[in-house]
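User: Please take a close look at the aromatic pairing in this model. I would like the geometry, the surroundings and the cut-offs behind each term.

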Amino acid sequence: MSDRNKSYEQLIAEVALLRRQVIKLKMTKMAFDAQHQLMRTFATTLQAARGTLMVRAMLQQIVTIGTKLTRAESSSLFLLDTHGVVTESILARGATLRGQKQRLIGQVLDKGLAGWVYRHRKLGLITDTIEDERWLTLPNQPYTVRSALGVPILMGKEVLGILTLTHSQPGHFSPESAHLMQITAESMALVLDNARLYHERQQQELDLELKQDQQKTTAQSGQSVTQSFSEKEFSRIGIYILFGEGNFLYVNPRLAETFGYTFGELISLESVLELVCLDNRKFVEQQIYSCIQGQSKNLYCRFKGQRKDRSLINVEVYGNRTKLYGRFVIIGALRVI
């Protein structure tokens with residue numbers, strides 16, 4: 001083979017490699033954008049909804065993102081508790097009578113793709129439902145399904161939810177789209193877990209209020225004061241996620257309020273260092289860099305923060321380095337001292 005032919009073949013191989021790398025980068029960006037949207041929606045929903053309504057709003061957002069990323073025609077989502085019992089759901093067929101809904105969910109978890117995903121704790125890709133025994137066609141199904149993708153939303157080994165995406169044409173879901181959903185499911189798990197914990201905390205607060213009402217009738221005011229103080233302390237905590245060189249990926253409303261910004265203004269800042277007074281910026285920058293680069297797993301520092309109106313406040317920051325979408329981020333909390 002001539003040198004010219006070898007060079008030509010080498011060039012073709014290099015172009016093919018570059019194309020694969022471009023596809024991989026595009027998928028990573030799509031997953032990262034989806035995660036960012038989920039976090040923004042979660043923060044907004046916390047301010048606008050409470051209880052079950054808040055949880056259902058997040059389920060709907062997850063369904064919307066999964067459908068958009070894979071160009072699915074229909075989708076369903078089950079939210080499960082620690083015992084594998086479905087506590088909330090969105091069905092592809094839409095609104096359904098309660099009794100019928102429970103029967104459909106039971107059938108799918110027993111003999112369908114969602115049940116297979118739950119038992120195996122892994123993604124299920126069906127290229128043609130006619131040839132795959134994992135697919136269960138339900139009675140009076142109002143849509144046609146020829147390909148499907150079942151996505152487990154995992155927090156460790158626990159299945160928080162199961163997202164099922166479907167399409168009327170066989171072979172619609174590719175291995176690439178399956179991989180995209182697999183990495184996106186990491187952020188879905190983070191959001192669902194936080195939504196569930198927030199819902200549980202709201203319920204605990206409601207129970208606490210009822211208990212305090214009962215305590216008032218028995219003149220046990222001392223205990224009520226102690227409990228109220230602990231809740232006030234908790235309400236002072238700002239939550240954040242940082243990536244890159246100190247860019248915000250997510251902040252909760254409390255952190256934005258602490259620095260006098262709206263959520264949108266704070267999430268749009270070029271760097272967290274804009275919240276640090278000039279004299280402390282180099283120190284804080286070094287602490288963040290050290291944590292992001294893995295020189296230290298944890299972030300802890302105190303500094304003078306700078307609010308939007310340029311006034312200064314003393315703050316304390318905690319954080320942990322973790323991996324999200326193949327890149328390292330810092331997830332932590334901030335409080336005024």
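Analyst: Tyrosine 318 is partly exposed, with a relative accessible area of 36%; buried means under 20%, exposed over 50% and partly exposed in between, with a 1.4 Å probe and protein chains only. Tyrosine 300 also counts as partly exposed, at 43%. This is a predicted model, in which local features need pLDDT of at least 70 and side-chain atom pairs count only at pLDDT 80 or more, while totals for chains, interfaces and linings use all residues. Residues are numbered from 1 along each chain as its sequence is written, and side-chain values use heavy atoms, leaving out hydrogens and water.

The structure holds 1 aromatic pair. The ring centres of tyrosine 300 and tyrosine 318 are 5.4 Å apart and the planes stand at 45°, so the pair is tilted. Rings of Phe, Tyr and Trp (its six-membered ring) pair if their centres lie within 6.5 Å; planes under 30 degrees apart count as stacked, over 60 as edge-to-face and the rest as tilted. Tyrosine 300 belongs to strand β8 (residues 298-306) and tyrosine 318 to strand β9 (residues 312-324), so the pair ties together parts 18 residues apart in sequence. Strands (E, at least two residues) and helices (H or I, at least four) are DSSP runs numbered from the N terminus; the protein has 9 helices and 10 strands.

Two other aromatic rings carry a charge over the face: arginine 121 lies over tyrosine 118 at 4.6 Å from the ring centre, and arginine 134 lies over tryptophan 116, also at 4.6 Å. The criterion is NZ of Lys or CZ of Arg within 6 Å of the ring centre and within 35 degrees of the ring normal.
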